[in-house]
Amino acid sequence: MTVSLKYGCNPHQVPASLEVPEQAGFKVLNGTPSYINILDALGAWQLARELKAATGKPGAASFKHTSPAGAAVSGPLSAEYCASQFLTVGELSPVANAYIRARGGDRMCSFGDVAAVSDVVDVSLAKVLKSEVSDLIIAPGFEPEALEILKAKKGGGYLIFQIDPDYEAEGIEYRELFGFGLRQQRNTAKITEALFQHAVTTSKELSPAVLETLIVATIALKYTQSNSVCLALEGQVIGMGAGQQSRVHCTRLACDKAEKWLLQQHPKVLGLAFKDGLKKPEKANIVDQYLLWDQLSEPERAQMLSGLTRAPEPVSSQERLEWVQRFQGICLSSDAYIPFRDNIDRANRSNVQFVAHAGSSLRDEEVTVAAQQYGMTMYHTGLRLFLH
């Protein structure tokens, strides 16, 4: 089956189309997709489905520009977390819970996302999606009422895809680039607890919750543009450093995002006095700038303060450090080996306690010594997960 696309990666790239395998059970239930919508949807769907297969819990992904902004399985939502995400929804189904956790991993990057969930979209999730700035949902099915809610979103233009959850692609995948044809075996590596058996530090024990979080982080890396480093907590991605040429830049980016995520729940952030009428994205932007207080120019700070009814006191460096240290079970996974200890030094400042990477670097011993110095638990998986 051939599906006509609105355009390719850019509006001037026309015509564009999608060839759909008959056995995929793929349907466009609403809207007219573009090339990048398809790339995001198929990546997000594979990630969400694999999270469910690995953990047994509903999985969700929030994709932007071919990498996950967030990913998660269903789990606890504290009152502080709900307040930090400006959540006003009522009781949530497990699949809605999973998506809220995935989107909340990086709400700035999830603005206008492609959402994917492993389970049937119910009314609970449809109401969540209706209230968020999102461009697309892909799922194995939709309750009738949920489908009608989503069809009305974006003036009837919201993209809705359905796919057979049992569909598996052919073993060999193909790509053409600049007239050259490439082919390779699909990446069918399974991310299971068996990957996290080879501890290289004195500390070796993993609780079931930490093991699940390492699995979630590592599966997310499998569908992220290389190089990439992921920080996760309680089954949820909280910082993704994607597509950087240097691994330490991936680590810095992931850690910076994770610290912002943790600090969103700080009392000073929760106490920000927003002006009436601001929407969630506007509040999110204010929080993001507030947490960059010392880096803002005067015009930037004035713009941030214009959305508040009173000027807040910034979070000091010491308060930041003390707050981040409150969180236990923070995990870091890398899509290849960690080449230098500077990655571990940076991760320690974000209170990372568990690390997984492929191993086999020339400086493995140096990296392991650094992890040992900080009391981290480090595992070599022996698996590289580059995605191009």
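Predicted model: local features only at pLDDT ≥ 70, side-chain atom pairs only at ≥ 80, totals over all residues.

Colleague: What volume does the largest pocket have?

Modeller: About 2,100 Å³. A pocket here is an open set of points on a 1 Å grid over the protein atoms alone, with protein on both sides within 12 Å along at least five of seven lines, and lining residues have an atom within 4 Å of a point. Grid points are joined across faces, edges and corners, and the volume is the space filled by probe spheres set on them.

Colleague: How does the lining of the largest pocket split by class?

Modeller: 23 nonpolar, ten polar and eleven charged residues. Ala, Val, Leu, Ile, Met, Phe, Trp, Tyr, Cys and Pro count as nonpolar, Asp, Glu, Lys and Arg as charged, and the others, Gly among them, as polar.

Colleague: What about the second largest pocket, which residues lie nearest its centre?

Modeller: Asp256, Glu259, Lys260, Leu291 and Arg320, out of 31 lining residues. The second largest pocket has a volume of about 740 Å³. Its lining divides into 15 nonpolar, five polar and eleven charged residues, and H7 gives the most, with seven.

Colleague: Switching topic, how many cavities of 30 Å³ or more are there?

Modeller: One. A cavity is a set of grid points where a 1.4 Å probe fits but cannot get out. The largest cavity has a volume of about 30 Å³, and its lining includes Thr218, Ser333, His357 and Leu385. Strand S13 (331-334) and strand S14 (354-357) are the elements that give two or more residues to that lining. By class, the cavity lining has four nonpolar, five polar and no charged residues.

Colleague: Is Phe180 buried or exposed?

Modeller: Exposed, because its relative accessible area is 55%, and exposed means over 50% with a 1.4 Å probe, protein chains only (buried is under 20%, partly exposed in between). Phe180 lies in strand S10 (residues 180-185).

Colleague: Now the backbone. Which peptide bond has omega near 0°?

Modeller: The one from Val14 to Pro15, which is cis. Pro15 is in the loop between strand S1 (2-4) and S2. The bond from Ser226 to Asn227 is also cis, with omega near -20°. Most residues other than glycine have a negative phi, and most peptide bonds are trans.

Colleague: Where is Ser360 found?

Modeller: In the loop between S14 and helix H13 (364-373). Ser360 has a positive phi of about 80° although it is not a glycine, and at 67% relative accessibility Ser360 counts as exposed. Glu234 has a positive phi too, of about 50°, in the loop between S11 and strand S12 (236-242).

Terms used: Residues numbered from 1 in each chain as written. Heavy atoms only, no water. Helix = DSSP H or I, 4+ residues; strand = E, 2+ residues; numbered from the N terminus.
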